[in-house]
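Please keep the sequence and the structure at hand while reading.

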Amino acid sequence: MRRHRRGSRRGRFVLPVLVAVLAVGAVVTANASNAARTCGGELPLRVTVTPAMEQVTRQAADGFERDHAAVNGTCVKVEVVAEQSADVVAELPTKPIDPPALWIPDSQLWASTAAEKDAAVPGVTPKISARGSLATSPLVVVGGQDEVAKLGWPQSSVSWKRLVDPDVPVDIADPLTNTEGIATLGLAEGMAPAQNGTPPPELIATLLRLRDSTQANIDTCYQLMARNPATAPLFTATEQSVIAHNAGSKVPAVALYPTEGSVLFDYPVVRVSTAAEPGGTSAAADAFERRLRSDTTAKSLSEAGFREPGGRAAWSMRQGVRMDTPNRLPTPTTTQVATVLRAWDVIHLDGRTLAVIDTSGSMAEPMPDGQSRIDVARDGALAGMSLMPDTTSVGLWTFAEHANELVPLGPLGGRTTGSPQRQALQQAAVTLPTLVGGNTALYDTALQAYQTLRDGYDATKVNSEVLITDGKNETTGGLDLDGLVAALRAQVDPTRPIQIIGIGLGPDADMNVLHQLATATGGQAYQALSGADFRSVLFDALSRRPCATSNC
């Protein structure tokens with residue numbers, strides 16, 4: 001590789017760049033100090049902030065405008081808009097005409113997510129550039145004084161693992177729209193990391209528990225605590241929110257700091273730019289960012305209960321919180337968040353799923369990892385069931401020479417055959433290895449199962465056939481492949497979608513057939529060469545089911 005010479009070239013470029021930087025700064029600063037004579041017109045500067053930052057940002061904007069800050073003689077008019085970070089991320093790719101010039105989310109995670117999302121959208125999208133943090137606030141566990149005392153606080157320490165104990169009531173804010181909820185799920189994933197993108201049973205158990213303990217937002221959690229502090233569940237929130245609550249409520253909240261540490265919300269300044277923004281916007285954004293990073297604004301942030309960017313508390317002791325800096329855990333990555341949110345979607349997605357499992361003789365043969373194919377199918381079916389809520393309808397068929405209904409379709413929380421549906425399915429799955437034998441009636445069974453789902457179609461659920469096989473069609477006298485694909489295509493109704501999700505077990509599975517069946521119905525096909533592969537592809541299949549209803 002050719003090495004660059006630095007000496008003379010560096011000397012030639014640094015001075016002009018420094019002069020240019022100083023000149024740009026002078027344009028804004030000089031105009032601000034001589035505003036009475038030179039400021040006229042209006043240059044809009046839209047600043048979107050996470051709600052917790054709204055008051056401090058408005059104070060900074062008021063001071064900025066009182067100083068008549070201007071760019072090239074045009075007065076800068078700052079518009080502060082409070083919006084949840086998740087909503088901003090959803091909007092940015094679709095609003096290239098009027099995005100904010102500056103954005104202050106509550107976590108760097110959102111800036112990274114927005115940048116990745118925008119990069120994936122073709123056409124004109126804003127450019128996103130994340131800058132340094134304005135302040136920080138750790139994620140803590142919040143509760144009324146009586147409730148935290150039940151955990152032994154402050155005499156004994158509390159860990160995150162203790163807080164996922166079923167005996168400890170804990171709520172979270174909806175992770176689809178609240179950073180507090182996402183950060184909590186990220187911490188749960190950190191305690192039980194996903195393997196090959198598949199959440200382990202410990203993580204699924206935590207998610208299933210939290211699924212029924214989700215509140216719309218943090219305000220709702222505080223309202224529940226204020227109404228009944230002795231029994232309201234604990235919840236996760238920022239330390240700053242505890243300070244803000246205690247400043248205006250007669251029912252104080254207490255912040256618990258788990259022994260492992262916590263993630264810090266870091267409130268970065270993010271520059272959002274477009275080719276169509278008014279001239280001077282960049283200079284105005286830089287000038288207002290300097291105001292946001294001024295000592296005056298830092299004091300306002302401290303008074304509002306935020307910590308300094310490094311995590312130090314510059315405020316004096318406040319009720320319900322502590323001043324020492326908690327251990328800092330890594331902020332969840334976008335990959336971790338994507339994995340845990342997909343799992344969250346799966347356990348919430350209300351479905352109507354018919355599992356159709358091959359029990360022909362070849363299913364007794366081993367996978368490349370040594371486990372028999374039917375054992376892999378059994379274990380995967382049990383794992384998949386554990387992901388699903390009680391409102392999901394599940395049925396179980398097997399097939400060899402012909403289809404056999406073991407458990408009819410019914411809600412997991414109900415009773416279809418006299419016993420609890422979930423229990424009936426678990427007991428039937430355990431018997432699968434005893435049913436192995438015979439040839440494979442793949443084509444006839446695939447169509448019969450599809451027709452069963454079509455005849456009982458439920459528009460309030462996601463309807464899907466999960467077809468699991470290790471081989472190819474071996475029966476004669478029934479449908480051939482062309483006839484099966486033609487029959488499926490004739491029965492597909494886009495207004496009543498039913499997917500076939502094909503999973504081929506082992507190297508002998510006819511993936512060409514499974515791909516054709518999946519394509520004909522808008523589904524997907526996967527191949528699994530081990531038990532871990534099977535659990536991973538089943539999770540992927542369940543998480544990617546499209547939802548065409550308002551109930552999903």
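Which cysteine does a disulfide join to Cys39? The partner is Cys75, with an S to S distance of 1.5 Å. The model discussed here is predicted.

- A disulfide is a covalent bond between the sulfur atoms of two cysteines.
- The count for this model comes to one disulfide.
- The bonded pair links distant parts of the chain, since its members stand 36 residues apart.
- Cys39 belongs to the loop between helix H2 (35-38) and strand E1 (40-49), whereas Cys75 belongs to strand E3 (residues 74-82).
- Both Cys39 and Cys75 are buried.
- Cys221 has a relative accessibility of 3%, and therefore counts as buried, given that the cut-off for a buried residue is under 20%.

- Helix H18 covers residues 481-491, and its buried residues are Leu481, Leu484, Val485, Ala487, Leu488 and Gln491.
- The face turned away from the buried side of H18 carries the exposed residues Asp482, Arg489 and Ala490.
- The partners against which the buried residues of H18 pack are helix H17 (442-455), strand E17 (498-505) and helix H19 (511-521).

**The largest pocket**

- The largest pocket holds about 600 Å³ of space.
- Its lining consists of 28 residues, and those nearest the centre are Pro51, Ala52, Gln240, Ser241 and Ala244.
- Two or more lining residues come from each of helix H3 (54-66), helix H10 (218-227), helix H11 (239-248) and helix H13 (295-303).
- H11 gives the largest share of this lining, namely six residues.
- By residue type, the lining of the largest pocket has eleven nonpolar, eleven polar and six charged members.

**The second largest pocket**

- The volume of the second largest pocket is about 460 Å³.
- Of the 18 residues that line the second largest pocket, Val337, Ala338, Leu341, Arg342 and Asp345 lie nearest its centre.
- At least two lining residues are supplied by each of helix H4 (85-91), helix H5 (108-119) and helix H14 (334-348).
- H14 provides the largest share of the lining of the second largest pocket, with seven residues.
- The lining of the second largest pocket comprises ten nonpolar, four polar and four charged residues.

**Details of the backbone**

- Most residues other than glycine have a negative phi, and most peptide bonds are trans.
- The peptide bond between Trp153 and Pro154 is cis, with omega at about 5°.
- Pro154 is found in the loop between helix H6 (145-149) and helix H7 (160-163).
- His68 is not a glycine, yet its phi is positive, at about 55°.
- His68 occupies the loop between H3 and strand E2 (70-71), and its relative accessible area of 42% makes it partly exposed.
- Asn72, also a residue other than glycine, has a positive phi near 50°.
- Asn72 sits in the loop between E2 and E3, and it is exposed, with a relative accessible area of 60%.

Conventions: Residues numbered from 1 in each chain as written. Predicted model: local features only at pLDDT ≥ 70, side-chain atom pairs only at ≥ 80, totals over all residues. Heavy atoms only, no water. 1 Å grid on protein atoms, 1.4 Å probe; cavity = no way out; pocket = protein on both sides within 12 Å on 5 of 7 lines; lining within 4 Å. Points joined across faces, edges and corners; volume = space filled by probe spheres on them. Helix = DSSP H or I, 4+ residues; strand = E, 2+ residues; numbered from the N terminus. Nonpolar A, V, L, I, M, F, W, Y, C, P; charged D, E, K, R; others polar. Buried < 20%, exposed > 50% of the residue type's maximum accessible area, 1.4 Å probe, protein only. Contact = heavy atoms within 4.5 Å. Disulfide = S-S within 2.5 Å.
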